[in-house]
Amino acid sequence: VTGASFVVFNGALKTSSGFLAKSSIVEDGLMVQITRETIESLRQALRDKKDFKITCRKMDAEDMKDYIDICWVENEKKTNKG
């Protein structure tokens, strides 16, 4: 689990890179590089207020190493107050 002050979603990841998505820590935030198709799906999920999961790994890898989980919550007492 990584806490971050901000998240940047970059939709410029090429499918030829061999990755589904890539994440990296930038200063005190998180940058997520995703494909154009994934960013369109993310935008729609945000509009619809639906949870969305981004798997960060190579396309041919079997194991799931990292993922970004975007969740809508009902109880705000469990979220970050800062």
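The model is predicted, so local features need pLDDT of at least 70 and side-chain atom pairs count only at pLDDT 80 or more, while totals for chains, interfaces and linings use all residues. Residues are numbered from 1 along each chain as its sequence is written, and side-chain values use heavy atoms, with hydrogens and water left out.

Start with the fold. The chain has one helix and five strands; helices (H or I, at least four residues) and strands (E, at least two) are DSSP runs, numbered from the N terminus. In sequence order the pattern is β-β-β-α-β-β. Among contacts (heavy atoms within 4.5 Å) between residues at least 6 apart in sequence, 37% join residues at least 24 apart.

Now burial. Of the 82 residues, 18% count as buried, meaning under 20% relative accessible area, with exposed over 50% and partly exposed in between (1.4 Å probe, protein chains only). The accessible surface comes to about 6,500 Å², and 48% of that belongs to carbon and sulfur atoms; areas are from the Shrake-Rupley method with a 1.4 Å probe, and for residues only the protein chains shown count as cover.

What makes up the largest nonpolar core? It has twelve residues: A21, L30, V32, I34, I39, L42, A45, F52, I54, C56, I68 and I70. Two or more of them come from each of β3 (29-34), α1, β4 (52-56) and β5 (66-70). A core here is a set of buried Ala, Val, Leu, Ile, Met, Phe, Trp, Tyr and Cys residues joined through side-chain atoms within 4.5 Å. As for I68, beyond four places in sequence it touches S23, L30, V32, F52, K53, I54 and C56.

F6 sits in the segment before β1 (7-10) and is partly exposed at 32%.

Next, R36, which lies in helix α1 (residues 36-47) and is exposed at 62% relative accessible area. Setting aside neighbours within four places, R36 contacts G11 and L13. The C-alpha atoms of R36 and L13 are 7.2 Å apart, across 23 residues of sequence.

Last, the cysteines. C56 is buried at 7%, whereas C71 is partly exposed at 44%. With a disulfide taken as a pair of cysteine sulfur atoms within 2.5 Å, the count is zero.
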